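I record each look-up in the order in which I made it.

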2 protein chains.
Amino acid sequence: VPDVPDVARVVIIGAGFGGLAAAKELDGAPVQVTIVDRHNYHTFQPLLYQVATAGLNAADVAYAVRGIFHKQRNVSFRQADVTGVDWSTNTLVLDDGTLPFDHLVVAAGPTAAYFGIDGADEHGFPLYVLTDAIALRNHVLERFEEADADPSLIDDGALCFVVVGGGPTGVEVAGALSELFAMVLRKDFRMLDVSKARIVLVEMADVLLQPFSSPSQRHARERLTDMGVEVRTGEAVVRVTPTRVELKSGEELASHTLVWAAGVRANPLADAFGVATSRAGRIVVGPDLRIEDHDNAFAIGDIAAITGPDGELLPMLAPVAIQSGKHAAREIVRPHRNPFRYRDKGTMATIGRRAAVAELPLHIRLSGTPAWMAWLGLHLVTLAGFRNRLSVFLNWAWNYLTWDRGPRLIIKPDQPSPPRE
Amino acid sequence: VPDVPDVARVVIIGAGFGGLAAAKELDGAPVQVTIVDRHNYHTFQPLLYQVATAGLNAADVAYAVRGIFHKQRNVSFRQADVTGVDWSTNTLVLDDGTLPFDHLVVAAGPTAAYFGIDGADEHGFPLYVLTDAIALRNHVLERFEEADADPSLIDDGALCFVVVGGGPTGVEVAGALSELFAMVLRKDFRMLDVSKARIVLVEMADVLLQPFSSPSQRHARERLTDMGVEVRTGEAVVRVTPTRVELKSGEELASHTLVWAAGVRANPLADAFGVATSRAGRIVVGPDLRIEDHDNAFAIGDIAAITGPDGELLPMLAPVAIQSGKHAAREIVRPHRNPFRYRDKGTMATIGRRAAVAELPLHIRLSGTPAWMAWLGLHLVTLAGFRNRLSVFLNWAWNYLTWDRGPRLIIKPDQPSPPRE
């Protein structure tokens with residue numbers, strides 16, 4: 001006897017912006033929604049770089065998924081790794097079980113792409129999940145502790161930080177590192193010549209923030225240069241070791257830290273599902289976001305190769321994920337198919353204290369303090385949960401007024417030294 | 001040519017309450033102080049149990065040591081593991097170097113003592129360092145996720161939490177777990193019968209909170225029992241496996257979690273230093289806190305076997321650490337030796353929402369809401385750093401008003417499932 005549910009079962013893979021938007025859109029609908037994620041929390045990815053640079057607590061940018069849906073009774077949560085799907089029985093395969101579905105929404109997000117660059121995978125620090133941010137924060141602070149204990153390590157590159165990728169994430173990380181060093185670590189490490197710390201931002205294109213307008217690109221470059229960041233456009237990383245970064249130009253940087261903000265690709269889940277993929281491993285979808293040959297399955301957000309009005313792939317951005325998530329939810333409950341239409345709400349990147357660029361619809365272009373205020377406001381209102389909003393707001397106010405970075409903590413399990421055991 | 005410093009070099013091992021108090025007391029003194037700690041932050045241990053039970057962020061109870069001494073110019077910090085000492089040259093041996101000293105203050109704090117109980121070391125969760133608290137929080141929340149995915153695990157003990165030790169830490173953990181389950185996880189896990197979760201508090205003595213007065217002991221027991229905690233006094237744990245806890249009475253509890261709040265001993269550093277130790281591995285000190293046979297070395301706080309007026313060992317409490325730290329600092333700078341005199345400021349333990357016991361000097365005894373307010377106030381004012389105080393205060397206010405526990409996050413590095421690799 002087959003399991004006949006009272007209502008259609010919707011399974012959403014991923015509790016990112018897209019997955020949450022889809023689940024919320026199904027509030028009140030006659031469906032039973034299950035969100036599957038390997039983490040029990042939603043991560044507010046746009047602010048991960050602030051966790052990595054000690055501006056925010058890890059808990060400020062994470063929100064328990066179950067808490068988000070206390071009041072939406074048709075949503076439940078399952079913490080698991082998704083490992084595959086059996087399309088013949090409409091069953092999702094988890095690391096610790098299975099999950100049947102009538103409708104599937106694949107919203108598994110992005111992961112880092114290293115383009116086969118030697119050592120980048122092993123030694124690079126990506127910034128996609130919360131523990132990435134904690135690992136980078138620990139690593140950066142440890143480099144300073146190490147150099148303080150043994151200043152000869154500075155010549156070996158302990159205080160040279162290479163950021164690869166001149167998109168918003170790379171620009172934000174480079175700017176935030178510069179502020180962390182200049183405002184806080186300079187005071188923390190009185191014996192160390194913190195001015196010897198270098199931040200090198202490497203970008204393959206000739207400009208930073210490629211999709212932005214030229215004035216915004218120039219603004220970002222000028223501000224970063226003012227802040228002491230060495231901007232290397234038209235340059236690329238070809239090889240990485242724990243202590244060296246080799247560039248395409250032949251230059252070898254002595255550096256113990258490579259932040260990988262360059263390549264992004266869809267979660268490899270797409271391959272495990274045996275569905276057609278496009279550039280960067282993104283799942284091919286129809287105009288209504290259905291996956292080819294699977295009418296009851298949708299791909300949304302970063303993992304989907306969604307085509308815009310001009311035939312170009314939509315960028316891997318939160319607004320695309322949110323809008324496509326809502327669209328998939330509506331497709332599930334309505335009888336007729338409708339094409340997805342993306343409404344561009346603009347894009348922003350912050351560089352540092354009162355420095356940002358924002359490009360909004362109707363050709364509104366902001367930079368400097370107005371852009372920075374717009375960036376702060378937008379991120380505050382889009383954060384999940386009033387408590388996190390309050391905490392982030394207070395941290396920002398604190399950091400702004402005191403030039404402090406409270407959570408500059410190296411938090412990782414102790415590795416007891418052998419003589420103590 | 002020997003290295004002749006301009007001023008005496010004071011090395012303090014440990015950035016706990018005692019170490020910080022000693023360093024602060026040396027403000028303005030003609031000495032160069034170096035604090036050595038394996039962590040780059042001071043941990044506010046009395047609130048670790050709230051991190052473990054998702055009431056506070058990890059960063060709320062940790063404060064960067066370097067930040068504490070921005071304005072005290074004669075203090076520097078070294079992050080390292082101390083592995084030994086060469087008394088003949090007055091040199092501290094670190095995992096990555098050495099550190100010469102003229103005066104040494106050993107303030108390395110406590111660690112868990114398992115009394116050789118089979119499996120307790122391997123499977124028990126102690127609560128001494130910040131990552132202990134994070135590990136326990138992850139483990140508890142994972143047990144609920146696991147039971148939610150497979151309710152048959154409840155019968156196997158997935159939701160049975162055994163807390164060993166009826167002192168303040170054990171009482172606090174048991175009470176906080178009970179509130180976490182009743183207030184938050186019951187709403188988080190709608191499909192799960194959270195009332196099946198058990199908390200068993202095991203204490204070898206016949207009473208909880210042994211050093212407290214009988215009325216306080218009874219109050220704690222009654223409140224915990226009201227909150228659903230099973231209090232087992234006159235009982236002990238004899239064996240622990242990942243899924244079972246065997247008691248002295250012969251009973252075997254199906255339980256996947258053992259919180260170890262029972263045994264505490266001095267940091268094993270005492271042995272590595274080759275100095276005389278007393279009960280629980282604490283370093284034998286003279287009346288002025290000097291270590292036997294080492295006139296330039298002091299032991300303070302939990303690691304020191306300090307004798308009180310009646311010849312008894314002083315308890316391992318923050319006030320003892322703070323007062324003994326100040327005393328050691330004063331001994332270093334003054335010409336004549338003075339005996340240490342401990343001034344008992346009382347002791348407190350919190351049980352839950354508006355439930356605590358406090359025993360203050362002059363036989364003032366509080367319980368219930370007044371004790372809880374006193375506990376909150378004392379912990380707020382003794383926290384390091386205004387920012388942490390503000391954050392803890394706001395978290396407490398939030399938790400109290402909303403019955404929420406925001407940071408119920410399972411934060412640990414991803415272990416990618418094999419099929420994805």
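How many residues does the contact take from chain B and from chain A? I counted 62 residues from chain B and 63 residues from chain A, where contact means heavy atoms within 4.5 Å.

I note the conventions here. This is a predicted model, in which local features need pLDDT of at least 70 and side-chain atom pairs count only at pLDDT 80 or more, while totals for chains, interfaces and linings use all residues. Residues are numbered from 1 along each chain as its sequence is written, chains are lettered from A and ligands numbered from 1 in the order in which they are written, and side-chain values use heavy atoms, with hydrogens and water left out.

Entry: The same surface serves both copies, as 100% of the contact residues of chain B recur in chain A.

**Entry: buried area.** I looked up the accessible area (1.4 Å probe) that the two parts lose on being put together, summed over both. For chain B and chain A this buried area is about 5,200 Å², and carbon and sulfur atoms give 51% of it.

Entry: I found 4 salt bridges between chain B and chain A, each a side-chain nitrogen of Lys or Arg within 4 Å of a carboxyl oxygen of Asp or Glu. In one salt bridge, E145(A) pairs with R66(B), and their closest N and O atoms are 2.8 Å apart.

**Entry: who supplies the surface.** Helices (H or I, at least four residues) and strands (E, at least two) are DSSP runs, numbered from the N terminus. Several elements of chain B each supply at least two residues to the side that touches chain A, among them β6 (82-86), α7 (168-188) and α12 (386-402). The largest share, 7 residues, comes from α5(B).

**Entry: strand pairing.** I took two strands as paired if DSSP finds at least two bridges between them. β6(B) runs antiparallel to β7 (residues 91-94) of chain B, with 4 bridges, and V85(B) has L92(B) as its bridge partner. In that hairpin, which has 4 residues between the strands, N90(B) takes a positive phi near 55°. β7(B) is also joined by 4 bridges to the antiparallel strand β8 (residues 97-100) of chain B; here L92(B) is partnered by L99(B). The hairpin of β7(B) and β8(B) has 2 residues between its strands.
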